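Subject: Structure handover

Hello,

Here is the structure I promised to pass on to you. Please have a look at it first, and then read my notes below.

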Amino acid sequence: MEKKGIILCSVVVLILGIISTGAGFAAEVTRVKASQVKVDVLGECSYPKSPALGLSLISAGTLLIGKIIINTAAGCFCCRRTDPSHSSNHTKALTFYIISWITFIIAIGLLLKDIALNNQDEEVTTSDGRYYCYVIKPGVFAAGAVYAALSSSFGVLYYLTLNSKQDDASNAPNLNQVCIVMAQSQFAFENPSFVHGYANNQQQFS
């Protein structure tokens, strides 16, 4: 892949990661607070409308799209042949690959869990004569946003490391060609009379 395509793909994924992270933090700010929940006459918890649900969907969706783009552009990592001369780059790429997937799973898990529980009505839980309604704990959306940022960052690092290894391999000179050129140069230097005579013969036949 050309360098322009690699850079463009990385920028797109980073932008999606920024959107995902921003939406996650916005969901944290707009989440339903305990003071906003009321108990109705039917004994059920009544939750106010909150944009946190939509923001969580945006955060999870953009993170998923970025992950699909990275994995599609990079291809199957396990199917690639390992060049011994680039083992260090392969190890780095593998590390970034694993971390990006771990953080991706955690981020999606947090965001989807919060989506499922954020705006649902539940029966009131009583304890010691007090009424309790379920609300999302502070920091859960923010944690999902942080993991989303980490997943996008490590995904881009994995993609760039993988492609830098390929660029180095494609730009490396052919060892056989180098040896042939060096041998020809050395032979011409050691036998100048042969080269001169060969040139004269060419002139006579032409």
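**Leu111 and its surroundings**

Apart from residues up to four places away in sequence, Leu111 touches Ser56, Ser59, Ala60, Phe141 and Gly144, where a contact means heavy atoms within 4.5 Å. Before going further, please note that this is a predicted model, in which local features need pLDDT of at least 70 and side-chain atom pairs count only at pLDDT 80 or more, while totals for chains, interfaces and linings use all residues. Residues are numbered from 1 along each chain as its sequence is written, and side-chain values use heavy atoms, with hydrogens and water left out.

Leu111 belongs to helix α3; helices (H or I, at least four residues) and strands (E, at least two) are DSSP runs, numbered from the N terminus. With a relative accessible area of 0%, Leu111 is buried. Here buried means under 20% relative accessible area, exposed over 50%, and partly exposed in between, using a 1.4 Å probe and protein chains only. One of the residues that Leu111 touches is Ala60: the two are 51 residues apart in sequence, yet 6.3 Å apart in space from C-alpha to C-alpha.

**The chain overall**

The protein chain has six helices and four strands, and their order from the N terminus is α-β-β-α-α-β-β-α-α-α. Of its 206 residues, 30% count as buried. Among contacts with a separation of 6 or more, 82% come from residues 24 or more positions apart.

Helix α1 covers residues 3-30, which makes 28 residues, and reaches 40 Å from its first C-alpha to its last, close to the 40 Å expected at 1.5 Å a residue. The expected span is 1.5 Å times one less than the number of residues in the helix. Buried residues of α1 include Ile6, Val13, Leu16 and Glu28.

Ser56, Ser59, Ala60, Gly66 and Lys67 are among the buried residues of α2. After this helix comes Gly75, which has a positive phi near 80 degrees.

**Lys67 and the aromatic residues**

What does the charged end of Lys67 sit over? It is the ring of Trp101, with the charged end of Lys67 4.6 Å from the ring centre; the criterion is NZ of Lys or CZ of Arg within 6 Å of the ring centre and within 35 degrees of the ring normal. Lys67 lies in helix α2 (residues 52-74) and is buried, at 8% relative accessibility. Leaving aside neighbours within four places in sequence, Lys67 is in contact with Ser100, Trp101 and Phe104.

The structure holds three aromatic pairs, a pair being rings of Phe, Tyr and Trp (its six-membered ring) with centres within 6.5 Å; planes under 30 degrees apart count as stacked, over 60 as edge-to-face and the rest as tilted. One of them is Tyr97 with Tyr158: the ring centres are 5.0 Å apart and the planes are at 55 degrees, so this pair is tilted. Tyr97 is in helix α3 (residues 87-118) and Tyr158 in helix α4 (residues 140-171), so the pair ties together parts that are 61 residues apart in sequence. Tyr158 is buried, at 1% relative accessibility.

Trp101 and Phe104 make another pair, with ring centres 5.5 Å apart and planes at 85 degrees, so this one is edge-to-face. Both residues lie in helix α3, three residues apart, about one turn of the helix. Trp101 is partly exposed at 29%, whereas Phe104 is buried at 9% relative accessibility.

**Salt bridge and a loop residue**

How many salt bridges does a search of the whole structure find? There is one, taking a side-chain nitrogen of Lys or Arg within 4 Å of a carboxyl oxygen of Asp or Glu as the test. Arg31 forms the bridge with Glu28, the closest N and O atoms being 3.4 Å apart. Arg31 is buried, with a relative accessible area of 10%, and Glu28 is buried too, at 15%.

Glu44 is in the loop between β1 (38-39) and β2 (45-46) and is partly exposed, with a relative accessible area of 34%. Glu44 and Cys133 are 89 residues apart in sequence, but 8.5 Å apart in space, C-alpha to C-alpha.

Best wishes
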